[in-house]
Amino acid sequence: FTLWLDRMIWNINPLGYHLTNLLIHICCTILVYFISGYFLKNKNFQFSASLLFLVHPIHSLSLFWISGRTDMVCALFFLLSFLYFLKYFHEKQRRYYIFFTLFFIISLLAKEMSLSLPIIIGSYIFIQANDNFKRRIIQSFKSVIPLLAIIILYFGLRMLFLPGQEVSNEVHVKTAISHLVKNFASFIGLLVIPTGHIQIAAFLKANPFVFTLLAAISLFLGLFIFWKYRKSGNVLFLLLFVVISILPVLRLVMRWYLYIPSIGFSILIAYLIFQQLDTTRVKRLLRIIFISVILLTYTIIIFKEQKQWVYNGKIAKKISEEINNILEKNDIDEVLFINNISEISETPV
């Protein structure tokens, strides 16, 4: 639908399509700013968290690939739904509940990754509610009942219109535990390490023991952070946000699937830095240095990737124009491509 709107406005001028992608990403970034305020009411923290999200290199495919905007569109309404849930949870106004349900439906229609939102919301209520264990469980479940009803209806429609592909298709069939664990480790690695993914993947594929060792170390570090901050509801929730939002796509590793998980990751990194370095002037200076170094690194990488996209796009355009000139010059009506170029250095063209 968004591509149809672009076509109506811009015809086939790619500039407009790229502007739409950028606009959606900026809107998501603004929503991250407002959402992060519910974890720490500090404008510097909110600004840092949203900037980390804005320039995270994992977004390159979603941002620079026109057809890759699906995750951003989904995330836009995902964030709107979550923001209105937070408003409802803290202010108890019924209209916010209606808004967060409505935006969940739109997000779900954009992409299936929104299926994680009810679990994320239930986790937030369970962690943040001031009540006993049993009542928190009940409150979490009651709050997401409408969303669960929507999901049941959603899968009913999929059964009607996509028989045999209600939950999966032939590309997403691998469900072995070892495969899912490997994919989860890969997803976390893609989030934490901002560049060099092609080279790293090739190295780890050739050295499975190193991959296993790194995955084990990552798991240990994750458990250590969980144990260290087990009494911090915000850290615990943000960790769960990243994990839960990955679950719907765990059977197939694609970098653009990390657009929504990167929301929790960006807020978490900023939160840990601000919480650890907020007592003395020296620590606050270190906080500025840490945030600045991460932002500078992310920015350099994302601009480097953008240049690669522009360069590869020019190559694709040149090839297309040369083929078109040959067809026109020789008055050829039909042509069969035996080996059509679909990617240049993992850039879809």
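Modeller: First, what an axis is. An axis is a line fitted to C-alpha atoms, for helices over the stretch in contact, and angles run from 0 to 180 degrees between N-to-C directions. Two packed helices are described by the angle between their axes and the distance between the axes. Bear in mind that this is a predicted model.

Helix α1 covers residues 2-10 and helix α2 covers residues 14-36; their axes come within 9 Å and cross at roughly 135°. That angle makes α1 oblique to α2. The reason is the cut-off: an angle has to be over 145 degrees to count as roughly antiparallel. The handedness of the α1 and α2 crossing is right-handed.

L63 lies 40 residues from L23 along the chain, and their C-alpha atoms are separated by 9.8 Å.

Next, α7 and α8. The two axes come within 8 Å, and the crossing angle is roughly 160°. α7 and α8 are therefore roughly antiparallel to each other. The crossing of α7 past α8 is right-handed.

Now α3 and α14. Helix α3 spans residues 43-55, and it packs with α14 at an angle of about 20°, the axes being 9 Å apart. α3 and α14 are therefore roughly parallel to each other, since the limit for that class is under 35 degrees. α3 passes α14 in a left-handed crossing.

On to the charged pairs. Side chains of opposite charge can pair when their charged atoms come close. The rule used here asks for a side-chain nitrogen of Lys or Arg within 4 Å of a carboxyl oxygen of Asp or Glu. The count by this rule is 4 salt bridges.

One of them joins D71 and K111, with 2.9 Å from N to O. D71 belongs to helix α5 (residues 70-91), while K111 is in the loop between α6 (94-110) and α7 (117-128), so this pair ties together parts that are 40 residues apart in sequence. D71 is buried, at a relative accessible area of 3%. K111 counts as buried too, at 14% relative accessibility.

R158 counts as buried, at 13% relative accessibility. E112, at 33%, counts as partly exposed.

A further salt bridge has D131 and R135 as partners, with 3.1 Å from N to O. D131 is partly exposed, and its relative accessible area is 35%.

Two loop residues deserve a backbone check. K92 is found in the loop between α5 and α6. Its phi is positive, about 60°, although K92 is not a glycine. K92 is exposed, with a relative accessible area of 53%. D331 is the other, in the loop between α14 (281-329) and β1 (343-344). Its phi is also positive, about 55°, and D331 is not a glycine either. The relative accessible area of D331 is 63%, so this residue is exposed.

Last, the surface of helix α11. F224 has its place in this helix, which runs over residues 208-228. At 46% relative accessibility, F224 counts as partly exposed. Patch members need over 30% relative accessible area and no salt bridge, and nonpolar side chains are joined within 5 Å. F224 belongs to a nonpolar surface patch with F209, L213, L214, I217, F220 and L221. Together these residues have about 740 Å² of accessible area.

Conventions:
Residues numbered from 1 in each chain as written. Predicted model: local features only at pLDDT ≥ 70, side-chain atom pairs only at ≥ 80, totals over all residues. Heavy atoms only, no water. Patch = residues over 30% accessible without salt bridge, like charges linked within 9 Å, V, L, I, M, F, W, Y side chains within 5 Å. Areas by Shrake-Rupley, 256 points an atom, 1.4 Å probe, with all protein chains shown as cover. Helix = DSSP H or I, 4+ residues; strand = E, 2+ residues; numbered from the N terminus. Buried < 20%, exposed > 50% of the residue type's maximum accessible area, 1.4 Å probe, protein only. Parallel < 35°, antiparallel > 145°, perpendicular 65-115°, else oblique. Left-handed = near helix turned anticlockwise from the far one by under 90°.
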